[in-house]
Amino acid sequence: FMLFDLRDGLEKAGRLDLMERVARRSLEYYERPGWQESVEAEYSRTVALNNVGMVLLHSGDLQAARRSYEAALEVRRRRVQEAPDDENRRIDLAVTLQGLGAVLRASGDVDGAIACQEEGLALTRAAARAAPHDLVRRRALVDDLYNLAHAHADRGDTAAALRAHREVAEVVEGLVEAEPGRADWRRDQASALHDLADAILQAGGDAAEAETLYERSVAAGRDAVERAPRDATCRRALMVAQSRLGRFRMRTGDVDAARALFAESEVLARELVALDPSSTPRRADLADAVLKRGDAEAAAGDLDAALAFYRESEPLWRRLAAENPDHVQRVRAHSVALQKIGLVLMQREQFGEAAAALREMVEVHGRALALAPHLAREHEAITPAALAAAMLAGERAPETPASVTDARVGTPA
């Protein structure tokens, strides 16, 4: 239990990186020659493997994370086979499946991720049904459903993603109703509501419903931070909620409101990076926050400010993609930053630099495609930009081809 408490404490403090050393040391203990094998020790070894896998996933070392989770999975499957009626063993197996599914999704294996999440979710549902008043078991449903929803979205199944996000929101709303004073439940509520709003829009649903959910998400995030001002997970939840509402305001043309929300989100992102400058997820959050500042400035017509933000974001994504070359979302995000730079440069009639940025964008997005075949349609939509880049290389000034301005990759979530 000490490992669980330490992991949760470090995550709230924004120093999850320190957990890797503790988890690896505990794993070394259980793998040393002559260790006393027992049911308890075997369980503790799988806990250490899960913790190592979780930290490696956060740092972006997906291959090592997968090895760690698969080693834990092998043992936990066997433990369930040995005692199929042991509910705790089934719950342990569900936790490992959830972690492995997250790694597979980040690696671009959407089908594998969905298979893991569905198997784990079935186990988690059974445990929650067996103890309907156990809030911890109900909360476990959230992680399984969250990862399943995003994997469905990656595959383009917006209806399935929406169903899962609605269930996440329903579970979390129930937790808040049961214990309204808990900051972590309010944090989870903020995340669930903006994810549900995103899913509604992606499925072509009611924009008014989505707007209400975005606004409630920011309110829940603010409440969580007020209750736990030093909790990095609550501050991050507010940061993301502000960013998602800002993106919606951009969609509806309220650029001033979007600029204000993105600016608040950027402040939080910088504060969280300052807590742990080496944290890969925190650096990714900052890169995304700065990119969105550029989007708002571009929409407001300030191309100089937009380009400055994009040029700050791009090297951050470049480094993250170089550190984690098999992480689909980070490689793709780098291509997004390059595309935005290229489009602004074209508007500024700096055609040579625009050509270079757009050529590299297509090349980087091709690397993302190699990792994740489900990006094929998106890649086909942006390849005309490569032809436009070649045409503009001579720094001529033709009209901007519609395929370049319309075929946008989009902004990373």
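Figure 1. S335 lies in helix α15, which covers residues 328-347. The model shown here and in the other views is predicted. S335 has a relative accessible area of 0% and is therefore buried, the cut-off for buried being under 20%. The side chain of S335 reaches a backbone atom, the oxygen of R332, at 2.6 Å.

**Figure 2. The protein chain as a whole, for orientation.** The chain has 413 residues, of which 53% count as buried. Its secondary structure consists of 19 helices and zero strands. Among contacts with a separation of 6 or more, 62% are between residues 24 or more positions apart.

**Figure 3. Packing of helix α7 against helix α8.** Helix α7 runs over residues 135-154, and its axis comes within 8 Å of that of α8, crossing at roughly 155°. Because of this angle, α7 is roughly antiparallel to α8; the term applies to angles over 145 degrees. The crossing of the pair α7 and α8 is left-handed. On the α7 side, the contact is made by L135, R138, R139, L141, V142, L145, Y146, A149, H150, H152 and A153. On the α8 side, the contributing residues are A160, A161, A164, H165, E167, V168, V171, V172, G174, L175 and A178. Sorted by class, the contact of α7 with α8 comprises 15 nonpolar, four polar and three charged residues.

**Figure 4. Close-up of H150 in helix α7.** H150 is placed in helix α7 and is one of the residues of α7 in the contact with α8. Is H150 buried or exposed? The relative accessibility of H150 is 16%, so H150 counts as buried. Apart from neighbours within four places in sequence, H150 is in contact with R105, H165 and D195. Of these partners, H165 belongs to the α8 side of the contact between α7 and α8.

**Figure 5. Packing of helix α8 against helix α9.** Helix α8 covers residues 158-178 and helix α9 covers residues 183-202. The axes of α8 and α9 come within 8 Å and cross at roughly 155°. The two helices, α8 and α9, are therefore roughly antiparallel to each other. The crossing in which α8 passes α9 is left-handed. From α8, the residues in contact are T158, L162, H165, R166, V168, A169, V172, E173, L175 and V176. From α9, they are W185, R186, D188, Q189, A192, L193, D195, L196, A199, I200 and Q202. The classes represented in the contact of α8 with α9 are 12 nonpolar, four polar and five charged residues. H165 of α8 takes part in this contact and is also listed in the contact of α7 with α8.

**Figure 6. Packing of helix α13 against helix α14.** Helix α13 spans residues 280-299, and helix α14 spans residues 303-323. Their axes are 8 Å apart, and the helices pack at an angle of about 155°. It follows that α13 and α14 are roughly antiparallel to each other. The crossing of α13 and α14 is left-handed. The contact of α13 with α14 is made up of 13 nonpolar, three polar and eight charged residues.

Figure 7. D111 is in helix α6, which covers residues 110-130. The side chain of D111 is joined to that of R155 by a polar contact of 2.9 Å. D111 and A151 are 40 residues apart in sequence, and their C-alpha atoms are 8.0 Å apart in space.

Figure 8. M54 is found in helix α3, residues 39-59. With a relative accessibility of 14%, M54 counts as buried. M54 and Y69 are 15 residues apart along the chain, with 8.4 Å between their C-alpha atoms.

Figure 9. E349 is located in the loop that joins α15 to α16, the latter covering 351-371. What is the phi of E349, a residue that is not a glycine? The phi of E349 is positive, at about 60°. E349 counts as exposed because its relative accessibility is 57%, and the cut-off for exposed is over 50%.

Key. Residues numbered from 1 in each chain as written. Predicted model: local features only at pLDDT ≥ 70, side-chain atom pairs only at ≥ 80, totals over all residues. Heavy atoms only, no water. Helix = DSSP H or I, 4+ residues; strand = E, 2+ residues; numbered from the N terminus. Buried < 20%, exposed > 50% of the residue type's maximum accessible area, 1.4 Å probe, protein only. Polar contact = N/O pair within 3.5 Å; in protein donor to acceptor, adjacent residues only side chain to side chain. Axes fitted to C-alpha atoms, helices over the stretch in contact; angles between N-to-C directions. Parallel < 35°, antiparallel > 145°, perpendicular 65-115°, else oblique. Left-handed = near helix turned anticlockwise from the far one by under 90°. Contact = heavy atoms within 4.5 Å. Nonpolar A, V, L, I, M, F, W, Y, C, P; charged D, E, K, R; others polar.
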